[in-house]
Amino acid sequence: MESLLKTVSAKVESGERLSDAEALELFACPDLLAVGHLAALANARKNGETVYFNVNRHVNYTNLCVNRCTFCAFSREAGDAEEGYTLALNDILAKAAEAAAAGATELHMVGGLHPHLPFDFYLEMLAALRADSPQLHIKAFTAVELDYFAGLTGQPVTTVIDELKEAGLGSLPGGGAEIFAPKVRERICPEKISGARWLEIHEAVHRAGLKSNATMLFGHLESFADRVDHLRQLRELQDRTGGFQAFIPLAFQPDNTRVPGAKGVGGVDALKTLAISRLYLDNFRHIKAYWVMLGLKIAQVALCFGVNDLDGTVVEEKIGHDAGADSPQQLSKEQLMMLIRKAGKVPVERDTLYRELGRGAA
Ligand code: V47
Ligand code: SF4
C-alpha cells in the first residue's frame with residue numbers, strides 16, 4: 001500500500017496520469033486521509049484555494065417518464081393522476097423570473113421522458129425563457145432526453161442538438177450517465193440508453209460547440225472496477241473533445257427506490273470516490289461535490305479531499321429528496337460562502353461556464 005501511495009504521489013508531483021490499476025488499488029486503500037491529501041494536492045495545482053459555487057435554480061418540468069429506472073424515486077408512470085405532474089409553460093416562466101429576480105445566473109432543467117409532450121414544447125419553452133429571462137443560462141436536458149427527442153422526431157440527435165441550441169440551450173447537465181457497465185445498467189435502468197450512446201451524445205454536444213458535465217451514480221450495485229471503467233471512458237472522451245466542465249459523483253439515495261439490497265453511501269466511500277475522481281480525471285478542471293446528495297457536512301469536508309466546486313443554491317430539488325436525501329431544499333449564497341470559508345477556502349461565484357462573477361465578502 002505504501003508503494004502505491006508513493007507512486008501516486010510521484011505522479012501527482014510530475015503530472016503523470018494514473019493507470020486504471022492504480023485507481024482500482026486506491027479504492028482498496030484503507031488510508032482515506034493519504035488518498036485525500038494527494039487529491040487535495042492535485043486540486044491545488046489546478047485551482048489553488050478557490051472553490052466555485054453558483055446561484056441557480058432547478059426546474060423539473062415533469063415527473064412522468066416512460067422509463068422506470070429502479071434507482072429513481074422521482075418518476076411516475078403516465079396516467080398517475082395523483083402524483084404525476086407536468087408544469088405549464090407559464091409556471092416554468094414564473095419560476096425562471098423568480099430565480100432571475102433573486103440573482104440567479106442559471107436554470108438547471110431536466111425531467112422525465114414525457115409520454116405525450118411534443119418536441120416543439122421544449123423548443124417553445126427555451127425560446128420563451130430566452131425572451132423572458134435573457135440573463136439566465138439554460139443548462140437543460142440529459143443525454144437520455146436528447147436521445148428521446150431524436151426518437152420522437154425521427155431526426156438524428158445532431159439535428160435535435162442544433163435546434164435546441166438555436167432556441168436557447170446553453171449547455172448540458174451531466175445526468176443520465178449512471179454507471180456505464182452494461183451488467184449493472186441492466187439491473188438499475190434496463191430501458192435507458194446505453195453508456196456508449198450517452199458518450200456519443202455528449203461528444204455530439206461538444207462538437208456542436210456546447211459544454212457539458214458528467215456524472216456517475218455510485219453506491220448501488222456497482223463494483224469499484226465498474227467505477228474505474230466509468231471514469232476511464234469519461235477521461236477518454238475528454239481527451240478527444242475537452243468539452244466536459246465538471247465531474248459530479250452522485251451518491252445514491254436509496255429511499256423509495258427499487259434497487260434490491262442497496263443501502264446508500266457512507267461518508268468514507270463518498271470522500272474516497274471524490275478524491276480518486278480528482279486524481280484519475282487529470283483532464284477535468286472541476287470536481288463537484290453536489291451537496292444535495294452528499295449532505296452539507298460531507299460536501300464541506302470534500303473541499304479538503306480534492307473538490308473545487310459546491311454546485312449552487314438549487315432552490316427546489318426533487319430527484320434526491322424524493323429518494324430520501326436529508327439535505328436542505330436550498331442554500332443561500334451566504335450559506336454556500338460560509339461553508340467554503342469555514343473549510344479554509346476562497347469562495348468564488350461563477351456562472352455556468354466558470355467565468356468568475358465575484359470574489360470577496362458575503
Ligand atoms: O440523472 C436519480 C441521479 C441525476 C437518484 O450537471 C439519483 O451540474 C442519487 O445529474 N440517488 C440528476 N442520484 C442530477 C444530476 C445533476 C445534479 C446536479 C448538478 C448537475 C450538473 C447534474 O440524479 C439523474 C440520476 O443520475 N439520480 N435518482 C437517487 N435515488
Ligand atoms: Fe425517468 Fe430519468 Fe427517473 Fe430514469 S432516472 S425513471 S429516465 S426520470
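Which residues are linked in a network of salt bridges? R57, K95, E98, E316 and K318 form that network, a salt bridge being a side-chain nitrogen of Lys or Arg within 4 Å of a carboxyl oxygen of Asp or Glu.

## Basis

This is a predicted model, in which local features need pLDDT of at least 70 and side-chain atom pairs count only at pLDDT 80 or more, while totals for chains, interfaces and linings use all residues. Residues are numbered from 1 along each chain as its sequence is written, chains are lettered from A and ligands numbered from 1 in the order in which they are written, and side-chain values use heavy atoms, leaving out hydrogens and water.

## Salt bridges around helix 9

The structure holds 25 salt bridges. One of them joins D147 to R197, with the closest N and O atoms 2.8 Å apart. D147 lies in helix 6 (residues 143-153) and R197 in helix 9 (residues 195-207), so this pair ties together parts 50 residues apart in sequence; helices are DSSP runs (H or I, at least four residues), numbered from the N terminus.

R197 also forms a salt bridge with E200, at 2.9 Å between the closest N and O atoms. Both residues lie in helix 9, three residues apart, about one turn of the helix.

R240 and E203 meet in a salt bridge at 3.0 Å, N to O. R240 belongs to helix 10 (residues 224-241) and E203 to helix 9, so the pair ties together parts that are 37 residues apart in sequence.

## Ligand 2

Ligand 2 is surrounded by C65, N67, C69, F71, C72, S75, G112 and K192 (a heavy atom within 4 Å).

Definitions and conventions: Helix = DSSP H or I, 4+ residues; strand = E, 2+ residues; numbered from the N terminus.
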